[in-house]
Amino acid sequence: MKFYSIAVAITISSAAATSRGKGGKGKGGKRKSKKGSKSPQAIEEADMDVLVNAFCSTVVAISYAFWENGGQNAIDGTGEIYPQAACDAAYDVALGALNGAYNYPDPVLFKPTLTTAPFTFRPTKAGALSYFIGTDCLLKSGSSEDFSDNESQYPPGNTGAFREYGFGLGNYRTGYLGFDDCEWNPDGYVTGEGIGLAQGQVAFTRTEGEIATVDKTWGFGISRDGGVVITAHHSSAVIEPDGSTQYEGLPE
């Protein structure tokens, strides 16, 4: 696993917030419009790439924070699977990323790859955190002070009746040991004034060597403070080269 210190991990996860309050384009892509400018801010391909790459770095950082602080595999781990220190570290990284790169507390059209009905879509920050760090860690580490509506659990009021694994922890199948790398491979963009779209694939490399690839469609907009943020995030399973979703069995 790549060795990210917790301090560095939190810095990476918050990359999109580094240019708040500054003119021009910052390290994380949160670029503010010039004072007195009346024209909408253009969102360019580079702005989108910075935010998606920050997402990639964050997934690895969440995983490292969890495992480095004693987290275990949820299926075949020994001892305490979700130690408080591991959950706190993963929570801090994930929260920093969502605050910095996503449009929360305003709604975000987030559809993870695998979820559970009727909680397929995650428009709230608590819903996104639940997906990235899982129910067990959110129950242990979630604080109402970190949410504008004071609701730190997902679904609201959850005490454990609803449970899901945390994708970012990378501990949810036998033998999984977290994530070691993540790569964004864009396929196309739509740029515009105050809006941007990007589509492509993200490849996650697991610590044990397996690579998992998913299709991604991202939407981008301008936040209340004038920075470029993620406003939509749709993820789905890839269509394999020898696979098809329709017209199966038709003659060539």
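These legends walk through several close-up views of one predicted model.

Residue numbers start from 1 along each chain as its sequence is written, and side-chain values use heavy atoms, with hydrogens and water left out. In this predicted model, local features need pLDDT of at least 70 and side-chain atom pairs count only at pLDDT 80 or more, while totals for chains, interfaces and linings use all residues.

**View 1. Helix α2, residues 45-68, and the glycine just after it.** Helices (H or I, at least four residues) and strands (E, at least two) are DSSP runs numbered from the N terminus. With 24 residues, α2 reaches 34 Å from its first C-alpha to its last, close to the 34 Å expected at 1.5 Å a residue; the expected span is 1.5 Å times one less than the number of residues. Of these 24 residues, 17 are buried (under 20% relative accessible area, with exposed over 50% and partly exposed in between; 1.4 Å probe, protein chains only). Just past the helix, G70 has a positive phi of about 100 degrees.

**View 2. Helix α4, residues 125-141, with its bend at G134.** Here the 17 residues leave the end C-alpha atoms only 14 Å apart, short of the 24 Å that a straight helix would reach. Look at G134, where α4 bends by about 115 degrees (the angle between axes fitted to the seven residues ending there and the seven starting there). Like α2, α4 is mostly covered, with 14 of its 17 residues buried.

**View 3. Aromatic pairs and an aromatic cluster.** Rings of Phe, Tyr and Trp (its six-membered ring) pair if their centres lie within 6.5 Å; planes under 30 degrees apart are stacked, over 60 edge-to-face and the rest tilted. By this rule there are 19 aromatic pairs. The rings of Y131 and F132 have centres 5.5 Å apart and planes at 70 degrees, so this pair is edge-to-face; Y131 and F132 are both buried. W184 and W218 also form an edge-to-face pair, at 6.5 Å centre to centre and 85 degrees between the planes. This pair links distant parts of the chain, with W184 in β3 (residues 179-193) and W218 in β5, 34 residues apart. W184 counts as buried at 8% relative accessibility, and W218 is buried at 0%. One aromatic cluster includes F55, Y131, F132, W184 and W218.

**View 4. The largest pocket.** A 1 Å grid over the protein atoms alone defines a cavity as a set of points where a 1.4 Å probe fits but cannot get out, and a pocket as an open set with protein on both sides within 12 Å along at least five of seven lines; lining residues have an atom within 4 Å of a point. Volume is the space filled by probe spheres set on the points, which are joined across faces, edges and corners. This pocket holds about 480 Å³. Its lining has 21 residues, with L114, Y131, F167, Y172 and R173 nearest the centre. β5 gives the most to this lining, with 3 residues.

**View 5. The largest cavity, with residues from α2 in its lining.** The structure holds 2 cavities of 30 Å³ or more, and the largest has a volume of about 80 Å³. Among its 12 lining residues, F55, T58, A97, L98 and Y102 lie nearest the centre. α2 gives the most to this lining, with 5 residues.
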